[in-house]
Amino acid sequence: MTSRALSLGALACALAAAAAPAQNVNPDISVIGDIRAFTTNDQSDPKEGRLQLDLASVELALQGYLNPFVRADVYIGYHDGDFEVEEAYATVLRGLPGGLQLRAGKYRVDFGKLNLLHPHAYSFLDTPLLHQAYLGEEGLADVGVNLNWQWPLGKSALTLSGNVLKGDFARPHEHGGEPHAHSTWRLLSLRALDEEEPGQEAVETDLGYTQRLSLFVPTGAYAGVEVGLNALQGKLDTLTGREVRLRGADLKYRWAPDRYRSLTVQGEWIRSRRDVLHHHHHGALALDEDHHHLERRSADGFFAFFDWRFAQRWNFGAIGERFDHPEEDGVTGKRAGVFAGFQVMEESTMVRLLLRRTEGTELHRPVREAILQLVFSLGPHKAHWF
C-alpha cells in the first residue's frame, strides 16, 4: 500500500471521528401516548356505569448525549388540556472526582424506586395513592441539584444520594378532576373544617432536602434485591413556619432469567409529619387579628405489588395500597387491583387491563373501576416492561 493511500485512509478516519460528535448532538425524539377506555360505579361520576374514553396523556421526550460525559433529558407532557415541562435536566455521568454523578434541572426525585419512573411505565397504570397523598398528585418532581455516589462492595453496591430542591414540591397541589378519578380526588383533597383553603393564601416556600441510602445485593445469577432508606425535609410555608418531614423505606426484588421472563416484587412505606395551620378569630375586639395554631400531624401508608412476565409478550400482577390522610385525622383510604398486559408484537405498543376497588372513610361505598389502556411509543423511548 502506498504512502498516499495510507494518508487518505488516515484522513478518512479523522473526518469520521470528527463527524461522529456532531451527529450525536441531534437528540432522540419520542412520543408516548396513553389512551384509555373505562367504566366506574362511582356515584359522583355523571357517567356512572357507562363506557368512557379519554386521552389520559401525551409525552414528548428529547434525550441525548451532549458529550461522552454528559447527557440531557427533556420531557414535555400534555394532561387535561395543558402542556407542562415535566422534566428538563442534565446529568454528568463521569469525569467528576470520586466517581460522583451530578444532575441539575427539573427532575423526578429519587425518593424510593418507583418515583423515578413515569406513570406510562407502570403495569398498574396510575401513581399509587400513597405517592399522590405524600409526594404530590404526579409524584415528587422539582428543580434541584442531585449528587449520587456508588461504592462497590464485592458483588453488591451501596449508593448514597442527596438532593437540594427549590421547594415547589411543597406548594399546594390542585388535584385533577378527571371523570375516572373522582374517588381519588375526594380521598386526597380534604381539609380540616376550621382551616382556610391553603390554595387561597400566598405561601412562600424555601429550599428542601432529600437523602437516600440504598444497598443492592445479587441473590443469584439472575436475581437481586435492593433495600432503600429515604428522608425529606422542607418548608410548606416560611410565613407561618409550617414544615414537612418524610421518612420512608422501600424494597425491590427482581428475577429475570432471560429476556422473555421476569418477576418483580416491590413495596414502599412512608411516614409523614407535617404542620397543619388553623385560623381562629377571637372576640369582637380582635376581628382583624388572625390567631394561627400549628398542629403537627403524623400519618403513614404503604403499597406493595408483584408483576410476573410469564411469556415474551404477556404479564400479570396485583397491587395493594393503604394510606392515612396527611392533614386530616381519621381519614384513610385503601385500594387493591389486579392487572394484565400484552405487547402487540413488541414494546412500542402495549395493551393493559386494570380492575380495581377503592375504599375510604369519605366514600359512601367502595368504588370499582375497569380500565383498558393502550400505550404507544413512537421513537426509542418505550413503555418498558416494569
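**Before selecting anything**

This is a predicted model, in which local features need pLDDT of at least 70, side-chain atom pairs count only at pLDDT 80 or more, and totals for chains, interfaces and linings use all residues. Residues are numbered from 1 along each chain as its sequence is written, and side-chain values use heavy atoms, with hydrogens and water left out.

**Stop 1: the whole chain**

Display the chain as a cartoon; it has 3 helices and 16 strands. Helices (H or I, at least four residues) and strands (E, at least two) are DSSP runs, numbered from the N terminus. Of the 386 residues, 41% are buried, where buried means under 20% relative accessible area, exposed over 50%, and partly exposed in between (1.4 Å probe, protein chains only). Among contacts between residues at least 6 apart in sequence, 57% join residues at least 24 apart; a contact means heavy atoms within 4.5 Å.

**Stop 2: the second largest cavity**

The structure holds 3 cavities of 30 Å³ or more. On a 1 Å grid over the protein atoms alone, a cavity is a set of points where a 1.4 Å probe fits but cannot get out, whereas a pocket is an open set with protein on both sides within 12 Å along at least five of seven lines; lining residues have an atom within 4 Å of a point. Grid points are joined across faces, edges and corners, and a volume is the space filled by probe spheres set on the points.

Select Phe 124, Asp 126, Thr 127, Pro 128, Ile 319, Glu 321, Arg 335, Ala 336, Gly 337, Leu 354 and Arg 356, which line the second largest cavity. Two or more of these lining residues come from each of strand S13 (314-324), strand S14 (332-343) and strand S15 (349-360). S14 gives the most, with 3 residues. By class, the lining has 5 nonpolar, 2 polar and 4 charged residues; Ala, Val, Leu, Ile, Met, Phe, Trp, Tyr, Cys and Pro count as nonpolar, Asp, Glu, Lys and Arg as charged, and the others, Gly among them, as polar.

**Stop 3: Ile 319**

Centre the view on Ile 319, in strand S13. Is this residue buried or exposed? Ile 319 counts as buried because its relative accessibility is 9%. Leaving out residues up to four places away in sequence, Ile 319 touches Phe 124, Ala 304, Phe 305, Arg 335, Ala 336, Gly 337 and Phe 339.

**Stop 4**

Next, select S14 and S15, which run antiparallel and are joined by 11 bridges; two strands pair if DSSP finds at least two bridges between them. Gln 343 stands opposite Met 350 in S15. The two strands form a hairpin with 5 residues between them, and Met 345 in the turn has a positive phi of about 75°.

In a regular strand the side chains alternate between the two faces of the sheet. On S15, colour Met 350, Arg 352, Leu 354, Arg 356, Thr 358 and Gly 360 as the covered face, and Thr 349, Val 351, Leu 353, Leu 355, Arg 357 and Glu 359 as the uncovered one.

Arg 357 stands opposite Arg 368 in S16, and a hairpin of 6 residues joins S15 to S16.

**Stop 5: the second largest pocket**

Move to the second largest pocket, with a volume of about 1,100 Å³. It has 42 lining residues, and those closest to its centre are Arg 103, Asp 110, Lys 113, Leu 116 and Leu 117. By class, the lining has 15 nonpolar, 16 polar and 11 charged residues. The largest share, 5 residues, comes from S5.

Select strand S4 (82-92), strand S5 (101-108) and strand S6 (141-153), which are among the strands supplying at least two lining residues each. S4 and S5 pair in the antiparallel sense over 5 bridges, and S5 and S6 likewise pair antiparallel over 8 bridges. Gly 105 in S5 stands opposite Tyr 89 and also opposite Gly 144 in S6.

**Stop 6: Glu 226**

Finish at Glu 226, in strand S9 (residues 223-237). Glu 226 is buried, with a relative accessible area of 15%. Its side chain makes a polar contact with the side chain of Ser 214 (3.3 Å). A polar contact is a pair of N or O atoms within 3.5 Å; within protein, one must be able to donate a hydrogen and the other to accept it, and residues adjacent in sequence count only if both atoms are side-chain atoms. Beyond its neighbours within four places in sequence, Glu 226 is in contact with Lys 113, Arg 212, Ser 214, Leu 215, Phe 216, Asp 250, Leu 251 and Lys 252.
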